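Here is a friendly briefing to read with the model open beside you. It goes through helix packing, then the sheet, then charged pairs.

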Amino acid sequence: MAARRQYEELARQLSAIGAVKRGIDRALPAECPGGCAAVLALLDQHGEMRISRLSELMAVDMSVTSRHVAHVAERGWIERSPDPADKRSRILRLTPAGDDVLVDLNLRVTDMFAHHLQEWSDDDVGQLNTLLARLRDSFARRGSGGCALGKHSDECRLRPADSEDDSYTRTPV
């Protein structure tokens, strides 16, 4: 297990990652902000799904997801059709226009990283990808509360159980 000072430095580094996220946002076209790009990317990665599943994958409130879905649907990038299993629900899927937008988004972000990381070796970028995936997987296995799934002991809690503040657990993808 790493020393506490290493976790403190990790927290500082991840806080500073906001500059990278802002760089990504600037690389995206104004008509497709980050949340909308996430909708398209997740539908591409996971295939058609209900909005409730999309909201889970984005780790944001359903109302936030609904706004992003409405935005991309108005532009014809996704379609919403009745769910055969439950006519009250809708199934979301990418349209060919959405596929085209996603290709453009991927090109923009890839070019942005290639520009900023041009002095990095392939091994450096590969190691960063591996470690970020490992970090994400560690959080996914432990759930939003920071504990191994299924554990509810007080020492595992990152915030009071009676807290209504979801800001700790609702981080966008």
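How are H4 and H5 oriented to each other? In this predicted model, helix H4 (residues 51-58) and helix H5 (residues 62-74) pack at an angle of about 110 degrees, so H4 and H5 are roughly perpendicular to each other.

**H4 with H5**

- The axes of H4 and H5 lie 9 Å apart where the two helices pack.
- On the H4 side, the residues that meet H5 are Ile 51, Ser 52, Leu 54, Ser 55 and Met 58.
- Their counterparts in H5 are Met 62, Thr 65, Ser 66, His 68 and Val 69.
- Sorted by class, this contact of H4 with H5 holds five nonpolar residues, five polar ones and no charged ones.

**H3 with H4**

- H4 also has a partner in helix H3 (residues 34-46): the axes of H3 and H4 come within 10 Å and cross at roughly 110 degrees.
- From H3, the residues Gly 35, Ala 38, Val 39, Leu 42 and His 46 take part, and they meet Leu 54, Leu 57 and Met 58 of H4.
- The class count for the contact of H3 with H4 is six nonpolar, two polar and no charged residues.
- If you are colouring residues, note that Leu 54 and Met 58 of H4 are listed in the contact with H3 and are listed again in the contact with H5.

**H2 with H6**

- Helix H2 (residues 18-27) packs with helix H6 (residues 96-116) at an angle of about 135 degrees, and their axes are 9 Å apart.
- H2 and H6 are therefore oblique to each other.
- Their crossing is right-handed.
- H2 brings Val 20, Gly 23, Ile 24 and Ala 27 to this contact, while H6 brings Arg 108, Val 109, Met 112 and Phe 113.
- By class, the contact of H2 with H6 counts six nonpolar residues, one polar and one charged.

**The sheet**

- Three strands make an open sheet in the order E1-E3-E2, and the pairing is antiparallel.
- The edges are strand E1 (49-50) and strand E2 (78-83), each of which pairs on one side only.
- E1 and strand E3 (residues 86-94) run antiparallel and are joined by two bridges.
- Met 49 has Leu 92 of E3 as its bridge partner, and Arg 50 stands opposite Ile 91 in E3.
- H5 packs on the sheet and touches E2 and E3, with its direction at about 115 degrees to that of E2.
- E2 and E3 run antiparallel too, with six bridges joining them.
- These two strands, E2 and E3, form a hairpin with two residues between them.
- Within the pairing to E3, Arg 80 has Leu 92 as its bridge partner, and Ile 78 has Leu 94.

**Salt bridges**

- Side chains of opposite charge can pair when their charged atoms come close.
- How many salt bridges does the model contain? The count comes to ten salt bridges, with a cut-off of 4 Å between the side-chain nitrogen and the carboxyl oxygen.
- Glu 9 forms a salt bridge with Arg 12, and the closest N and O atoms of this pair are 3.0 Å apart.
- Both residues belong to helix H1 (residues 4-16), and because Glu 9 and Arg 12 are three residues apart there, about one helical turn separates them.

Definitions and conventions: Residues numbered from 1 in each chain as written. Predicted model: local features only at pLDDT ≥ 70, side-chain atom pairs only at ≥ 80, totals over all residues. Heavy atoms only, no water. Axes fitted to C-alpha atoms, helices over the stretch in contact; angles between N-to-C directions. Helix = DSSP H or I, 4+ residues; strand = E, 2+ residues; numbered from the N terminus. Parallel < 35°, antiparallel > 145°, perpendicular 65-115°, else oblique. Left-handed = near helix turned anticlockwise from the far one by under 90°. Contact = heavy atoms within 4.5 Å. Nonpolar A, V, L, I, M, F, W, Y, C, P; charged D, E, K, R; others polar. Pairing = 2+ DSSP bridges.
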